[in-house]
Amino acid sequence: MLQLSLWSLILKRHLDVLLCHDDELEGRRIAFILYLVPPWEKSDGGTLDLYSADEHFRPQQIVKSLVPSWNTLVFFEVSPVSFHQVSEVLSEEKCRLSVSGWFHGPAIVRPAHHTEAPLPRSPHIPYDHEILYEWVNPVYLDMDSQAQIQEEFEERSEILLKDFLKKEKYQLLCEALENKGIQWSSRGPANKRLYETAEEDSLPDIPKKFLQFLHSEALFLLLSNFTGLKLHFLAPSDEDEDAGEGRAADAAGNSGPKPEQEETEQHTASDPHQPDQPDNIPEAQDGETQNGSGTPVCAGELRHWTHGHYTLVHDAQATEFALDLLFFCGCEDWDPEYGGFTSYIAKGEDEELLTVNPEDNCLALVYRDKETMKFVKYINHRSLARLRKHPNRTGFWDFSFVYYE
């Protein structure tokens, strides 16, 4: 026998949205919505969008959109595939008023949730310090600057490094990302995320090389200097910090090779674009690290963000200590009111711990613990106003990487 739960009066105004979800919670069996809206058109937004599901019970695509209508009752079974959303309300004059609730009943057996494969992790690529001089603003290669950055980062667990790349390199990177030949794939499922990710094989030379830079041994070491994390075997640990202070800073910020590095650096400095051979770099120290492999690793992707894109907090988010790196491109005149910013929250809490806004040529570093979750705010209809100033820009790009000690 089904029982009616408490119902709620739901009011949605201009730009409000309720993203993809399935309503499964606390014995819910039937969901209902009674619309109390003024005359409503599809162009007003606020439609109830119903999704199909794939073989793993994940939302696949919108198959039906229901336009709200006065005194109309909509109901559906709550199930592992009852994915739906309320699309963005586009009308500035009308409000979408409805009564929503559920009928509850005995819990039924649900299929096991599908576990999706995470982004592949890999250790650094053995590029030496010359790759830093090719890309990075020289201000950030100064040892005193690195020490100051580390002090601030250790105090706040986050930092924003403006004008991180050399100006000419940054301009070349943005121009390359506008290339029409880049293939972008939509990344879902919609109950967790929606944005576009680049097919690496289709990238022009400059973005490919920047991805290599983000995987490079030299950057792992530089990030160690910025953060105090042990992302490279040369970075001092807590135990040997007093004895070995400055080793890592010298390696990433000093053009002169150390005696134990001289052979490797002479071999690779003539062509910084080509990686050294693995047997020409020292082996990482033994011992388990937080990622369980004994070697610092990273995972990442190049993402494109535009109207309708977002990510959601979900139970399958990684629960590890990690360093998030975000590097933004093509964000000129981007207003936080558009969305697209990354929010960090404590698990089980709603209050934001930190917000990272997209900003041109900025490198954001955030260290998160096992209880910290993150999401990218839905990019709303206001973002399209930016097209008047930048007709070729439908959004922005970011290089999103995670580094594990």
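Okay, let's start with the open sheet of three strands, ordered E17-E16-E19 and paired in the antiparallel sense. Strands here are DSSP runs of E, at least two residues, and helices are runs of H or I, at least four, all numbered from the N terminus. Two strands pair if DSSP finds at least two bridges between them. At the edges of this sheet sit E17 (352–356) and E19 (372–376), and each pairs on one side only. From one strand to the next, the twist averages 20 degrees.

Before I go on, a word on what we're looking at. It's a predicted model, where local features need pLDDT of at least 70, side-chain atom pairs count only at pLDDT 80 or more, and totals for chains, interfaces and linings use all residues. Residues are numbered from 1 along each chain as its sequence is written, and side-chain values use heavy atoms, with hydrogens and water left out.

Back to the sheet. As a reminder, strands of a sheet pair through backbone hydrogen bonds, either parallel or antiparallel. So is E19 mostly covered or mostly open? Mostly covered: four of its five residues are buried, and buried means under 20% relative accessible area, with exposed over 50% and partly exposed in between, using a 1.4 Å probe on protein chains only.

There's also an open sheet of four strands, in the order E3-E8-E5-E6, with antiparallel pairing. E3 (18–21) and E6 (59–66) are its edges, and each has a single partner strand, so one side of each has no neighbour in the sheet. Ignoring direction, neighbouring strands in this sheet are turned by 20 degrees against each other on average. Inside it, E5 (residues 48–53) and E8 (residues 84–86) run antiparallel and are joined by three bridges. Leucine 48, for instance, has valine 86 of E8 as its bridge partner.

Now, the helices. Axes are lines fitted to C-alpha atoms, for helices over the stretch in contact, with angles from 0 to 180 degrees between N-to-C directions. Phe213, Leu214 and His215 of H4 meet Glu217, Leu219 and Phe220 of H5, where contact means heavy atoms within 4.5 Å.

H5, residues 217–227, also meets H2, residues 143–156: the axes come within 6 Å and cross at roughly 60 degrees. H2 is therefore oblique to H5. From H2 we have Gln146, Ile149, Gln150, Phe153 and Glu154, and from H5 Leu222, Ser224, Asn225, Phe226 and Thr227.

Beyond neighbours within four places in sequence, serine 216 touches His124, Ile125, Tyr127 and Ile131.

On to the largest nonpolar core, with 46 residues; the ones touching the most other members are Phe164, Phe213, Phe327, Leu365, Phe399 and Tyr403. A core is a set of buried Ala, Val, Leu, Ile, Met, Phe, Trp, Tyr and Cys residues joined through side-chain atoms within 4.5 Å. Which helix gives the most to this core? H5, with six residues. Phenylalanine 164 has contacts including Trp135, Tyr140, Phe213, Leu222 and Phe327, setting aside residues up to four places away in sequence. Apart from this core lies another, of 15 residues, among them Tyr195, Trp305, Cys331 and Phe396.

Another serine to click on is serine 400, in strand E20, residues 395–404. Its relative accessible area is 10%, so serine 400 is buried. Glycine 300 is 100 residues away along the chain, yet its C-alpha is 5.4 Å from that of serine 400.

Last, the whole chain: eight helices and 20 strands, with buried residues making up 49% of the 405.

Conventions: Angles under 35 degrees count as roughly parallel, over 145 as roughly antiparallel, 65 to 115 as roughly perpendicular and the rest as oblique.
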